[in-house]
Every structure is written in structure tokens, then in C-alpha cells.
Amino acid sequence: MIKDYQVVSFKKIVVTKESEALTIIKESTSAEIFDKKLKDAGTNGEDAGIVTKNSTLDDNLKSQLSQLSAVNKDGVYSEAIKLSDDSYAVLYLYNTDHKNTDELINKLTSDGDVQKEIEGIYLKKYNFKVNDSKIKDAIKKLSSEYIE
């Protein structure tokens, strides 16, 4: 599910010029330095927490999620991401080992698409069968993933 839903945890600083973004990337050699820059950025900085491909994000940032979710080391992402409003985002990726299982479970189960998929897998695995045709039709309307 982590790979399929492109799960990433990041902090973000948004700047107007690419040169500013590249400077932040170059100078942010530790989490502490990035956090100070994040605090200094005020409303242009945020800890986005755990995001997935279903999260509300800038389209350009969302298109980068598959690459971001493949990173396996915490730290500043090596590229500035140009956003749709022509500003630039600098990201600090964290929890790249995905060992924060309680937070991940909470985030993924609050996503309706993930929830349906997981429930479908569970019901198929344990051979969930419905004999009443009206109930079966009602369940199929909810999701074709639940029963065959």
C-alpha cells in the first residue's frame, strides 16, 4: 500500500525564485538547519506530514510523489520542485523507512480509496459470501472489490 499510494512524509518551504530554493538545498545539511529555515519561512513553510497520491497537493508536486516515495534516506530532496504558480518548493523528506506504523495506518485508513481496497482484500481472503441477492447487489454498489 505504501508503494501503490506513494506515501511520503515531508516538510516544505516555498520560495519565489529557483536560486533561493537551490541555496536552501545547498545550506540545509541537517534536519536542524532545515527546521530553522522552515521556522524563518513563516507561512511559506509547513510540515505536510504524511501525504499520498490522494492528498490535496499542487499538481506539479503530486506528479513527483512516485519519485519522492522511492527515496529511502531522510534529508533534503536534491531538486527544487517548480509548482504550478511558478514558485519553487524545497522538501525535507522524513520517516522514509516507514516505521511510523501507527501514523501510517491512521493516514491510510482515513483515505476512502485505500479503505475500500483493504476491505476488499480482507473479504476475498476470507471468502466472504453473501447468499441474499438484494444484500449482494447493495454491497456491489458500494464496491466491486468486496465480493465477486
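S9 is found in strand β1, which covers residues 8-15, where strands (E, at least two residues) and helices (H or I, at least four residues) are DSSP runs numbered from the N terminus. The model is a predicted one, in which local features need pLDDT of at least 70 and side-chain atom pairs count only at pLDDT 80 or more, while totals for chains, interfaces and linings use all residues. Residues are numbered from 1 along each chain as its sequence is written, and side-chain values use heavy atoms, with hydrogens and water left out.

With a relative accessible area of 4%, S9 is buried, a class that means under 20% relative accessible area, as against exposed at over 50% and partly exposed in between, using a 1.4 Å probe and protein chains only. Leaving aside its neighbours within four places in sequence, S9 is in contact (heavy atoms within 4.5 Å) with G49, I50, Y92, L93, Y94, N95 and N100.

The partners of β1 can be followed strand by strand, where two strands pair if DSSP finds at least two bridges between them. β1 pairs with strand β2 (residues 45-51) in the antiparallel sense over six bridges, and within that pairing K11 has D47 of β2 as its bridge partner. β1 also pairs with β5 in the antiparallel sense, over seven bridges, and here I13 stands opposite V90 in β5.

Rolling a probe the size of a water molecule over the atoms shows where empty space is left. On a 1 Å grid over the protein atoms alone, a cavity is a set of points where a 1.4 Å probe fits but cannot get out, and lining residues have an atom within 4 Å of a point; grid points are joined across faces, edges and corners, and a volume is the space filled by probe spheres set on the points. A search of the whole structure finds one cavity of 30 Å³ or more, and the largest cavity has a volume of about 50 Å³. Its lining consists of V7, V8, S9, L68, S69, V71, L93, Y94, N95, T96 and H98, with β1, α4 (65-70) and β5 (88-94) each supplying at least two residues. The lining residues divide into six nonpolar, five polar and no charged, where Ala, Val, Leu, Ile, Met, Phe, Trp, Tyr, Cys and Pro count as nonpolar, Asp, Glu, Lys and Arg as charged, and the others, Gly among them, as polar.

The structure holds five salt bridges, each being a side-chain nitrogen of Lys or Arg within 4 Å of a carboxyl oxygen of Asp or Glu. One of them joins E27 to K37, with the closest N and O atoms 2.7 Å apart; E27 lies in helix α1 (residues 18-27) and K37 in helix α2 (residues 31-40), so the pair ties together parts that are 10 residues apart in sequence. E27 is partly exposed at 40% relative accessible area, and K37 is partly exposed at 23%. Another salt bridge, between D40 and K36, spans 3.1 Å from N to O; both residues lie in helix α2, four residues apart, about one turn of the helix, and both are exposed. D86 and K82 form a further salt bridge, with the closest N and O atoms 3.6 Å apart, and here D86 is partly exposed at 49% relative accessible area, while K82 counts as partly exposed at 42%.

Notes: On a 1 Å grid over the protein atoms alone, a cavity is a set of points where a 1.4 Å probe fits but cannot get out, and a pocket is an open set with protein on both sides within 12 Å along at least five of seven lines; lining residues have an atom within 4 Å of a point.
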